[in-house]
Amino acid sequence: MAMPRPTVAQLVYGSCTVIFSTLAMLLLSGASSGAGVAIVAVSALALGLLVAMTVPLPRSRAAAAARPAAVSRIQAPRPVRATVAPPAREPVRERAAS
């Protein structure tokens, strides 16, 4: 089985997470030694990988079509039948000629 390629959303979210989390952790921790910076970098990469893998993947059209309608959360609106009662028959009144 071939490994799926990452989507654009996964690449963007993962990259932004790595960049911003690295900057935040370096500023908050005040790490200045090589080992401290390495720990921050590795943890930021792990966090970025976690975020990239949790971005929902787009579903294929075949998988969406194969899913039964009863499972879907949003039900399609059902057509409404309008029933109109026939007009009531009134006796015909004759007007008197004047």
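Helix 2 has 21 residues, which at 1.5 Å a residue should span 30 Å, and its end C-alpha atoms are 30 Å apart, so the two agree. The expected span here is 1.5 Å times one less than the number of residues. By helix I mean a DSSP run of H or I of at least four residues, numbered from the N terminus.

Before going on: this is a predicted model, where local features need pLDDT of at least 70, side-chain atom pairs count only at pLDDT 80 or more, and totals for chains, interfaces and linings use all residues. Residues are numbered from 1 along each chain as its sequence is written, and side-chain values use heavy atoms, with hydrogens and water left out.

Back to helix 2. Which of its residues are buried? They are Gly36, Val40, Ala44, Gly48 and Ala52. Buried means under 20% relative accessible area, exposed means over 50%, and partly exposed is in between, with a 1.4 Å probe and protein chains only. Looking down the axis of helix 2, the buried residues fall within an arc of 135°, so they line one face. That arc is taken from the directions from the helix axis to the C-beta atoms. On the other side of helix 2 there are exposed residues, among them Ile39, Leu45, Leu49 and Met53.

Helix 1 is part of what covers the buried residues of helix 2. Helix 1 has 22 residues and reaches 31 Å from its first C-alpha to its last, close to the 32 Å expected. Its buried residues are Gln10, Gly14, Thr17, Ser21 and Thr22. Down the axis of helix 1 these fall within an arc of 120°, so they too line one face. They pack against helix 2, residues 34-54. Val8, Phe20 and Leu27 are exposed on the other side of helix 1. After helix 1 comes Gly30, with a positive phi near 70°.

Ser21 sits in helix 1, residues 8-29, and counts as buried because its relative accessibility is 12%. What does Ser21 touch, not counting residues up to four places away in sequence? Ala44 and Leu47, where contact means heavy atoms within 4.5 Å. A polar atom of the Ser21 side chain also lies 2.5 Å from the backbone oxygen of Thr17.

Ala52 is in helix 2 and is buried, with a relative accessible area of 12%. Leaving aside neighbours within four places in sequence, Ala52 is in contact with Gln10 and Gly14. The C-alpha atoms of Ala52 and Leu11 are separated by 6.6 Å, although the residues are 41 apart along the chain.

Key:
Helices (H or I, at least four residues) and strands (E, at least two) are DSSP runs, numbered from the N terminus. A polar contact is a pair of N or O atoms within 3.5 Å; within protein, one must be able to donate a hydrogen and the other to accept it, and residues adjacent in sequence count only if both atoms are side-chain atoms.
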